[in-house]
Amino acid sequence: MMMIDIKSQPYLSTEEWQAVTVALRDAERFTCAAPRNAKEGKLARLFRLLTGIEKPTPLADERLDTIRRFVCASRRNVQRAREIGAELIAHGYSNAQIEALRLVAA
């Protein structure tokens with residue numbers, strides 16, 4: 001029987017997994033592609049008015065919002081995901097945790 005060392009596995013808290021869930025929901029609705037603080041153009045405003053699809057509201061915790069943005073970007077824009085991955089590292093996430101988030105988003 002193969003034994004798995006649980007302590008060596010990437011760990012995310014319940015709140016972090018909830019941020020992943022929010023990101024996956026946002027990705028399904030096509031509302032998470034824009035970078036944070038991006039100005040909304042006329043076409044984007046018209047699309048929002050016609051469809052009723054709103055931009056996602058940033059999460060209150062910056063670390064959790066970075067997870068949300070990373071998961072969304074991983075599904076849509078690899079280059080953007082790499083940029084946000086650097087933010088995750090700055091927040092103290094390990095490469096194993098980031099890879100686990102990327103795999104969940106795939």
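Q: Which residues in α3 meet α1 residues such as Glu 15, Ala 19 and Ala 23?
A: This is a predicted model, in which local features need pLDDT of at least 70 and side-chain atom pairs count only at pLDDT 80 or more, while totals for chains, interfaces and linings use all residues. Residues are numbered from 1 along each chain as its sequence is written, and side-chain values use heavy atoms, with hydrogens and water left out. On the α1 side, the contact (heavy atoms within 4.5 Å) involves Glu 15, Glu 16, Ala 19, Val 20, Val 22, Ala 23, Leu 24, Asp 26, Ala 27 and Glu 28. Their partners in α3 are Arg 63, Leu 64, Ile 67, Arg 68, Val 71, Cys 72, Arg 75 and Arg 76.

Q: How many charged residues has the contact of α1 with α3?
A: The classes are nonpolar (Ala, Val, Leu, Ile, Met, Phe, Trp, Tyr, Cys and Pro), charged (Asp, Glu, Lys and Arg) and polar (the others, Gly among them). The contact of α1 with α3 has 10 nonpolar residues and no polar ones. Its charged residues number 8.

Q: Are α1 and α3 parallel or oblique to each other?
A: Helix α1 (residues 14-28) packs against α3 at an angle of about 40°, with the axes 8 Å apart. Angles under 35 degrees count as roughly parallel, over 145 as roughly antiparallel, 65 to 115 as roughly perpendicular and the rest as oblique. The two helices are therefore oblique.

Q: Is the crossing of α3 and α4 left-handed or right-handed?
A: Helix α3 (residues 62-76) and helix α4 (residues 78-90) pack at about 155°, with their axes 7 Å apart. That makes α3 roughly antiparallel to α4. A crossing is left-handed if the near helix is turned anticlockwise from the far one by less than a right angle, and right-handed if clockwise. The crossing of α3 and α4 is left-handed.

Q: How many nonpolar residues has the contact of α3 with α4?
A: In α3, the residues that meet α4 include Ile 67, Phe 70 and Ala 73, and their counterparts in α4 include Ala 81, Ile 84 and Leu 88. The contact has 3 polar and 4 charged residues, and the nonpolar ones number 7.

Q: Which residues in α5 meet α4?
A: The axes of α4 and helix α5 (residues 95-105) come within 10 Å and cross at roughly 140°. That makes α4 oblique to α5. From α4, Gly 85, Leu 88 and Ile 89 take part, and they meet the α5 residues Asn 95, Ile 98 and Leu 101.

Q: Why does Ala 23 count as buried?
A: Ala 23 has its place in helix α1. Beyond its neighbours within four places in sequence, Ala 23 is in contact with Arg 68, Val 71 and Cys 72. Buried means under 20% relative accessible area, exposed over 50% and partly exposed in between (1.4 Å probe, protein chains only). Ala 23 is buried because its relative accessible area is 0%.

Q: How far apart in space are Pro 56 and Ala 23, C-alpha to C-alpha?
A: Pro 56 lies in the loop between α2 (42-51) and α3. With a relative accessible area of 22%, Pro 56 is partly exposed. Pro 56 and Ala 23 are 33 residues apart in sequence, and their C-alpha distance in space is 9.2 Å.

Q: What share of the 106 residues counts as buried?
A: The secondary structure of the protein chain comes to 5 helices and 0 strands, where helices (H or I, at least four residues) and strands (E, at least two) are DSSP runs numbered from the N terminus. Of the 106 residues, the buried share is 30%.

Methods. Axes are lines fitted to C-alpha atoms, for helices over the stretch in contact, and angles run from 0 to 180 degrees between N-to-C directions.
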